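Here's a quick briefing to read with the model open. Have a look at the structure, then work through the points below.

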Amino acid sequence: MRLHDPTPKREKTDLRGVWRFWPDPEDVGIGQGYQDGLPDEAALTLVPSCWNTKAGLRDYRGAAWYEKKFYGKPGAGVLLRFDGVCYYSQVWLNGQELGTHSGGFSPFWFVVELQGENRLVVRADNRWGKWVLPGAHEFSVDWQMYGGIARDVWCEQVPTVFIEDVRIATTGSGKMKAVVRLMNRHEEPARVPVALHVSGETLAGVEARLDGNAREAIELETRIGNPRLWGLGAPNLYDISVTAGGDERRTRIGFREISYDGPALKVNGGEVFLRGINRHDDHPDWGHAIPPGLLLKDIELIQDMGCNAIRGAHYPPDELVLDLCDERGIAFFEEVPAYQLSVEQLGSEQTKLAIRQMLDEMIGRDFNHACVMAWGVLNEAETQIESERARATVGELADHVRALDPTRPVTYCSAVRGEDDKYFDLVDLVCINEYLGWYRGTPAELPALLNRCREVWPDKPLLVTEFGAAAIEGFHSADAVKWSEEGQEKFLRETMEILLKRKDLSGCFIWQMADVEVVPERAMQRPRTKNNKGILSGHRCPKLSYWTAKRLYERKRKHE
Ligand code: ADA
């Protein structure tokens, strides 16, 4: 669900709702012909949803099948879109395979012709392996590997020539450059007028010529005078419409400039301090398929505690989260799920290509969101180990992001303290995840560590993108022992007092907003099979540390 309709002229069929569902632990479905219809005894389920929130399937990792019958206009050309299927999916329509997709957190679509009565069948698979990142070692992820059609599904009628994508780069001086990607569905060549409208005023136009069954990218440049800039806490957005013949795409943009050519991160020329928090798209009752109202509540809770930034751990979130951040002037640090890769995985061609695909899809979906402040290509890979192939991968991924989007910094998050990391010279920001006081040492060691980081990397913005401690909700201790709410509060207070005073930091991000479910392999490290470092419980009930974080972030905001 979005805050605005990107394609208002297209007649849509919403495919959310009740589908037939059938787990396939023996993975025999294709041989049994499930693509032509599921077994009669198939149960019902809701889409979007994650099967791990269904009784008896919490840790099911394998294939499962979905089926939906729906009516359409015979012969109508439609774009059939999935916003996210975890993690690998195959799709059939009326018995014909449409294709596959790898990756659970980015949209994919097919352009097809409908019949009157249509049968849509999806095979989803949440095992990790050759097609799925993050890595494939035993403790691969510190979240739950949910499976299922976790985000919205719908189809929308498209004309012969339609707009596939619109990306608009802006500057703080009001310049805007739109790249409009068109598709011609017919074998006959076509000509269509393409125009760019800003807040209802037509500012640029051109006639596009397309060969039969071809795509074409059109560039439209224009400028508006004295734009109301988008900034942290200043959510000035502009409604954009791009028309191409009878089709229209709408988006919202912000005019702003992010600069990072020195030790400070700046937005519209002013230094910023990101009062951040890490947030998973996770809920104990919904998995990744969090209803819109709860997503809104998350953003309200985050804003209410004085945050002005969110890091999307560790994958692109439901796009509604970005709509809400655009509208509230909250910065978003977005990354792909390339999580704790070994230096060997980092050096493998297959891994690089998989990360590249995820970057293409993340940036393709979210380019126009004013709130996105940085693109992250890795989280906690073994970047303390020098390797020519790993260096080549990091360099190529960083350059690929810059080619896709020259307007934002590219980075990765490292768990090896900045001074020991070998590849930060290849990216624009130094981002370190540091748990002094939880996994080792004490918060009192943090200033020296940050000083060394600053010495090694004097000319790049420095951010602490994770710091945190665990607390089992409701467990209290007069001695503030580990795992108690008092212990978490003490850790957070001591650490935030240090971080929020530093003039050489561009931000810090608490790990993490809410407790999240994790894979069973982590159970011995993660009591209750949850990552308990939330300052909220999984059901968003504040722990003691929430109030401390709120107090300290509010104090920081008032002194800005
Ligand atoms: C890492 C990782 C997080 C989480 C955290 C923790 O920094 O990036 O996903 O696992 O550690 O809780 O230890």
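Which residues in α9 meet which residues in α10? Before the answer, some ground rules: this is a predicted model, where local features need pLDDT of at least 70, side-chain atom pairs count only at pLDDT 80 or more, and totals for chains, interfaces and linings use all residues. Residues are numbered from 1 along each chain as its sequence is written, and side-chain values use heavy atoms, with hydrogens and water left out.

**The helix pair**

- On the α9 side they are E485, E486, Q488, E489, L492, R493, M496 and E497, and these meet L544, S545, T548, A549, R551, L552, Y553 and R555 in α10 (contact means heavy atoms within 4.5 Å).
- Sorted by type, the residues of this contact come out as six nonpolar, three polar and seven charged (Ala, Val, Leu, Ile, Met, Phe, Trp, Tyr, Cys and Pro count as nonpolar, Asp, Glu, Lys and Arg as charged, the others, Gly among them, as polar).
- Helix α9 spans residues 485-499 and α10 residues 544-558; they pack at about 15 degrees, with axes 8 Å apart (axes are lines fitted to C-alpha atoms, for helices over the stretch in contact, and angles run from 0 to 180 degrees between N-to-C directions; helices are DSSP runs of H or I, at least four residues, and strands of E, at least two, numbered from the N terminus).
- That makes α9 roughly parallel to α10 (angles under 35 degrees count as such).

**The sheet**

- Four strands form an open sheet in the order β1-β12-β5-β9, with antiparallel pairing (strands pair if DSSP finds at least two bridges between them).
- β1 (12-14) and β9 (108-113) are at the edges with a single partner strand each, so one side of each has no neighbour in the sheet.
- β5 (residues 77-82) and β12 (residues 153-157) pair over five bridges, and V78 has Q157 in β12 as its bridge partner.

Note on methods: Angles under 35 degrees count as roughly parallel, over 145 as roughly antiparallel, 65 to 115 as roughly perpendicular and the rest as oblique.
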